[in-house]
Amino acid sequence: MENAQRHGPAEGADGTALELLVHGVGGTTPEEMLDDPRTVRITGDDIAAVFRRADDVDAERGPAGRREGPVPEAYVWCNLTSGNGTRALWLLLLPFMVVNLAHWMRPTAHGRRRAVRLYGLLVRLAGLSLTVLLVAAACEVALDLAAWQCAGTRACAERHSWLGFLSPGTSDGGWWSAPGRRLALAALVPAALTGLLWFLSLRTWSVYESQQPMTHDHGPEEDDGRTALGRPGFWYGRRLVARLRAAHTAAGLLTVAAAVGSAAARHDREPGGPAVLDVLGVLLEAALAAGACVVVWVVCRRGRSERRLDAGLDRHLVRYLPLAALVLLALTLLYAGWERPGWESAGRLPGDAAFGALALAQGLLVIVLAGVAHGLHRTDPDRRAAIRGLAGPAVAMLACALGGVMSGGVSQRVSDWLDGTGTSIPGPPVLLTWQASVIPPLLLLLLVLCVRLARRAWRLARAERAAVEREYPGETGDPGRTRRIASVRAMAALTDRAPRVLAVTSAATLLLGAGALVGALTTDKTPGEAARGSYGVVHGAAETAQALGSWLIGLGFILLVASGRRAYKDASARRTIGILWDVGTFWPRAAHPFAPPCYAERAVPDLTWRIATWTRATGGRLVISGHSQGSVLAAATAWQLAPSTRGRVALLTYGSPLERLYGRWFPAHFGPDALGSLHREVDCWRNLYRRTDPIGGPMRLPGDGGPAVDRPALQDPLAYGRTEAHPLPSPILGHSDYQADPAFAEERHRLLARLRPDVPAPRQVVGEPDGAQGSGGRSPA
């Protein structure tokens with residue numbers, strides 16, 4: 001971190017200036033941010049805190065003009081996403097995180113509240129389907145494969161001695177060998193998984209969502225639809241998360257009860273079965289159906305409350321809905337465990353119908369969601385929006401695909417492990433085999449896309465060589481150096497091609513998934529068996545896809561488990577995986593309560609309180625300096641400040657994804673209107689970026705709200721060859737170390753000068769090139 005003492009003094013009302021540094025993805029240490037081994041925590045805890053250099057602890061109490069430059073202060077939030085080893089379990093929550101992102105990707109909509117509510121409702125229902133899918137996969141493993149198929153087959157039970165007491169053959173008809181009792185005992189596994197998800201959500205809810213933001217009176221201009229991030233209740237989602245947690249917990253428990261009860265009820269409906277048990281089965285199924293309707297009603301009934309700080313918790317609903325589902329599960333286990341002479345387990349549990357219904361429901365939800373998103377985009381088109389406003393449905397499709405891959409992967413691996421010969425048990429449902437079989441063609445399509453991207457990068461690199469030679473005249477004598485710079489620029493430009501790749505992948509996933517569903521339901525056979533008797537090429541392709549898909553889906557699951565295990569033991573690996581959460585968990589849990597928690601619900605209130613209290617106490621000048629994801633937190637914080645405070649702070653962003661990523665993928669919240677309003681409302685704003693940066697980019701805002709935000713692209717590397725200022729070769733920095741560029745100190749000095757309350761800063765510095773004048777905003781009054 002560059003030393004703050006490089007500037008000359010720029011005195012304010014009391015000579016006090018503060019630079020609040022906010023780091024980006026991956027995290028860092030306060031010592032690195034402040035460029036000093038001696039740092040002191042000013043406020044905060046072990047999760048997130050503000051640090052200063054030891055010499056600057058009492059900087060405000062010293063005499064005016066005692067120091068040069070601003071007081072640097074670092075806000076360190078990396079432990080919110082990469083803390084202890086239990087964070088490795090968050091890898092299992094990846095589909096939930098992705099579907100939660102889809103909620104925030106809706107297009108910009110002014111005056112379309114009903115359509116916006118419908119969009120949120122559809123995403124919440126897609127999230128509910130993912131919870132049911134995960135618990136159904138656990139039921140498939142524990143109930144169907146282990147308790148029903150393997151324990152019910154003597155050869156399989158003999159290979160796994162731990163199942164011996166459940167097997168009628170090896171236990172000589174022991175008490176637990178009855179099929180209903182086997183299922184009741186195995187049901188504890190998916191029920192425990194549901195309880196674990198509930199516990200993790202409750203634990204993080206008390207740490208993250210319970211941080212109440214600073215309240216202030218918002219003017220009517222802050223509620224005109226430009227962005228919701230400035231609303232009082234945006235970063236306080238306790239009520240919705242509590243409601244959704246209760247509903248999803250109940251849905252998981254009801255799924256387990258349905259898996260156990262349906263098998264027993266099917267047996268009781270056969271001719272000659274006990275009439276009492278048949279009636280009990282009908283009553284239990286009716287109660288489970290009623291419980292499912294209540295869960296769906298709770299999910300549909302209420303969305304987010306953002307226009308006010310909603311402190312309600314719906315205590316009766318949160319308490320009694322999961323409890324009622326737990327009581328139904330207990331009654332179902334008692335019902336299934338009742339003595340039924342002559343009941344034997346054969347074949348598979350009726351899982352094909354359940355997985356098929358889930359797949360069909362998810363496909364229909366994505367299609368309807370795409371229609372709603374398209375309608376919203378047409379009413380207020382944004383040419384920069386990713387996939388023309390269809391990013392949300394595409395990401396929702398990706399979440400469903402991830403859920404299917406994880407469910408199929410664990411089922412396939414457990415089936416292969418239990419069935420050593422491959423002939424003793426029927427194995428997982430046919431639909432899961434069909435879904436695994438579509439993975440090879442999908443990967444082949446992705447390979448084609450990667451080849452096209454590589455070709456695109458090669459062409460861009462060739463075109464960039466001439467640009468590099470123009471930017472370093474008289475120094476471009478090293479073809480290898482020129483090629484490296486051009487290649488880095490070309491690879492950085494590929495970020496803008498991500499929407500097209502996602503669009504093609506999601507569309508192919510939807511079509512292939514539909515084909516797998518049709519094939520499974522119409523043939524009730526695996527792809528290889530269904531293609532038997534057809535052309536040899538077709539049969540060979542089906543067999544190859546089935547075998548390769550099964551291997552790939554199992555390999556993917558093993559890699560996921562291995563990554564989680566390594567992250568649990570290795571702090572550096574955990575920090576690397578934490579980068580994924582840095583990007584994916586910025587948004588509140590609006591669609592799925594079991595998604596990893598939103599760190600911004602802690603970070604934004606932290607920053608808001610710190611800025612508001614410091615400016616009130618000192619009356620000094622403040623620059624929020626945000627790198628990468630830190631710039632997103634800085635913008636969200638600025639929107640949450642009171643208008644009087646917001647007009648007294650400056651923004652310095654560098655390597656910022658605000659427009660390039662967030663503006664394109666989340667247009668309703670970071671679109672041109674939102675960023676334009678931020679440009680006008682803060683005192684001043686400057687943005688730095690490089691063409692070699694794959695994440696940061698320009699803001700692309702017009703200059704009618706004040707001087708331009710963007711400084712022309714910084715030169716990277718700073719020197720082509722050896723110079724007097726750079727006697728050793730300069731590295732290509734890309735996304736890192738913006739503070740090493742002299743432009744950083746120059747822009748920070750200009751921002752502080754514009755914040756001076758006594759003398760208005762000039763709109764343009766003499767001799768400064770167009771587009772590099774002082775930061776966007778208005779001149780101080």
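R269 has a relative accessibility of 46% and therefore counts as partly exposed, a class lying between buried, under 20% relative accessible area, and exposed, over 50% (1.4 Å probe, protein chains only). E285, with a relative accessible area of 31%, is also partly exposed. The two residues form a salt bridge in which the closest N and O atoms are 3.3 Å apart; the term denotes a side-chain nitrogen of Lys or Arg within 4 Å of a carboxyl oxygen of Asp or Glu. This pair links distant parts of the chain, 16 residues apart, with R269 in the loop between α7 (238-268) and α8 (275-301) and E285 in helix α8. Helices (H or I, at least four residues) and strands (E, at least two) are DSSP runs, numbered from the N terminus.

The structure is a predicted model, in which local features need pLDDT of at least 70 and side-chain atom pairs count only at pLDDT 80 or more, while totals for chains, interfaces and linings use all residues. Residues are numbered from 1 along each chain as its sequence is written, and side-chain values use heavy atoms, with hydrogens and water left out.

The salt-bridge rule gives a count of 28. One of these bridges joins the side chains of R181 and E339, at 2.8 Å from N to O. R181 lies in helix α5 (residues 179-186) and E339 in the loop between α9 (315-336) and α10 (351-379), so the bridge ties together parts that are 158 residues apart in sequence. The two partners fall into separate accessibility classes: R181 counts as buried at 8% relative accessibility, whereas E339, at 47%, counts as partly exposed.

A further salt bridge brings together the side chains of E681 and R646, with an N to O distance of 2.9 Å. It links distant parts of the chain, since E681 belongs to helix α24 (residues 672-681) and R646 to helix α21 (residues 643-646), 35 residues apart. E681 is buried, with a relative accessible area of 18%, and R646 is buried as well, with a value of 3%. Elsewhere, salt bridges that share partners join R686, R711, E746, E747 and R750 into one network.

Helix packing can be followed in two pairs. Helix α3 (residues 113-150) and α7 pack at an angle of about 35°, with their axes 9 Å apart. Here the axes are lines fitted to C-alpha atoms, for helices over the stretch in contact, and angles run from 0 to 180 degrees between N-to-C directions. The crossing of α3 and α7 is right-handed, the term for a near helix turned clockwise from the far one by less than a right angle, with anticlockwise giving a left-handed crossing. On the α3 side, the residues in contact (heavy atoms within 4.5 Å) are R124, G127, L128, T131, V132, V135, A136, C139 and L143, and they meet L244, H248, A251, G252, T255, V256, A259 and V260 in α7. These residues divide into 11 nonpolar, 5 polar and 1 charged. In this scheme Ala, Val, Leu, Ile, Met, Phe, Trp, Tyr, Cys and Pro are nonpolar, Asp, Glu, Lys and Arg are charged, and the others, Gly among them, are polar.

In the second pair, the axes of helix α13 (residues 439-471) and helix α14 (residues 479-493) come within 7 Å and cross at roughly 125°. α13 and α14 are therefore oblique to each other; angles under 35 degrees count as roughly parallel, over 145 as roughly antiparallel, 65 to 115 as roughly perpendicular and the rest as oblique. Their crossing is right-handed. Among the contact residues are A457, L460, A461, E464 and R465 in α13 and T482, R483, I485 and A486 in α14. The contact of α13 with α14 comprises 10 nonpolar, 2 polar and 6 charged residues.

Helix α22 (residues 658-665) has 7 of its 8 residues buried, so it is largely enclosed by the rest of the structure. The buried residues of α22 are L658, E659, R660, Y662, G663, R664 and W665.

Some backbone features remain. I387, in the loop between α10 and α11 (391-418), has a phi near 55°, a positive value in a residue other than glycine. I387 is buried, with a relative accessible area of 19%. S628 likewise has a positive phi, near 55°, and lies in the loop between β5 (621-627) and α20 (629-640). At 2% relative accessibility, S628 counts as buried. Finally, the peptide bond from D716 to P717 is cis, with omega near 5°, and P717 is placed in the loop between β7 (684-688) and α25 (742-754).
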